[in-house]
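Dear colleague,

I am handing over the structure below, and my notes on two of its regions follow. Please read them with the model open beside you.

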Amino acid sequence: MNEQANEKKFAGEAAAEYVENGMTVGLGTGSTVKYTIEKLAERMNNEGLRFRGVPTSFQTERLAQSLGIPLVTLDEAIELDLTIDGADELDNRLNGIKGGGGALLREKIVASASKRTIWTAHAAKKVEKLGTFPLPVEIVPFAAAVVLRKLEGEGMRPEIRQVNGEPYETDNGNWIVDLHLGEIDDPEHLEQWLNLLPGVVENGLFLNRTDMAVIAEGSKVTVIKK
């Protein structure tokens, strides 16, 4: 296992320690939170931890089911005690970019239904300014041409995400457009502008949506709170 994979494991497992008996927990999507989910299953078996999970993607749902984690739908849960998720970028104010795994809409919905949100990440995800990681935007396929023209007109260098030569389809049946921005000077304004575009379902800017980050650098795990 290389250093980055080790950091993901340290961070993901450390975040799992914040889950307590009786909680309903949003389970994020991605390579770091995968270690969180595996650690939670281990705690169930070794410590008798009891909790329910709400998955943010089909991928996470399959993993949790394979590990014997009890799951409920968001409708059944109504309100969650905690959501643990990864981040593709996060800054010093704990604002971030998410959606590299294509689950940004469900991740944002689940986080909005949670009392607390924790992000877990390896050290390279921490940045001074958001934007180096391409910003994912989930769009309705019917509106793709119109949305792309608008984004191109603003110099945002949009690309429809592809898998095997075809547009990547989210769990919601939508497409992802990745914006190559370099740096985002005003993320609050950009978030509002994107979501006002007809055809845009949601964007990958997660602003003021997390309470704490668990970050691993080497074997050292640091907790950052708001």
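In helix α6, which spans residues 144-153, the residues Ala144, Val147, Leu148 and Leu151 are buried, where buried means under 20% relative accessible area, exposed over 50% and partly exposed in between, with a 1.4 Å probe and protein chains only. These residues cover an arc of only 100° around the axis, which puts them on the same side of α6, the arc being that of the directions from the helix axis to the C-beta atoms. Arg149 and Gly153, on the other side of α6, are exposed.

This is a predicted model, in which local features need pLDDT of at least 70 and side-chain atom pairs count only at pLDDT 80 or more, while totals for chains, interfaces and linings use all residues. Residues are numbered from 1 along each chain as its sequence is written, and side-chain values use heavy atoms, with hydrogens and water left out.

The buried residues of α6 pack against β7 (135-139), β8 (158-160), β11 (175-179), α7 (187-195) and β12 (200-203), contact meaning heavy atoms within 4.5 Å. Helices (H or I, at least four residues) and strands (E, at least two) are DSSP runs, numbered from the N terminus. After α6 comes Gly155, whose phi is positive, near 70°.

Turning to the other region, Ala5, Lys8, Lys9, Gly12, Glu13, Ala15 and Ala16 in α1 meet Tyr35, Thr36, Lys39, Leu40 and Arg43 in α2.

With kind regards
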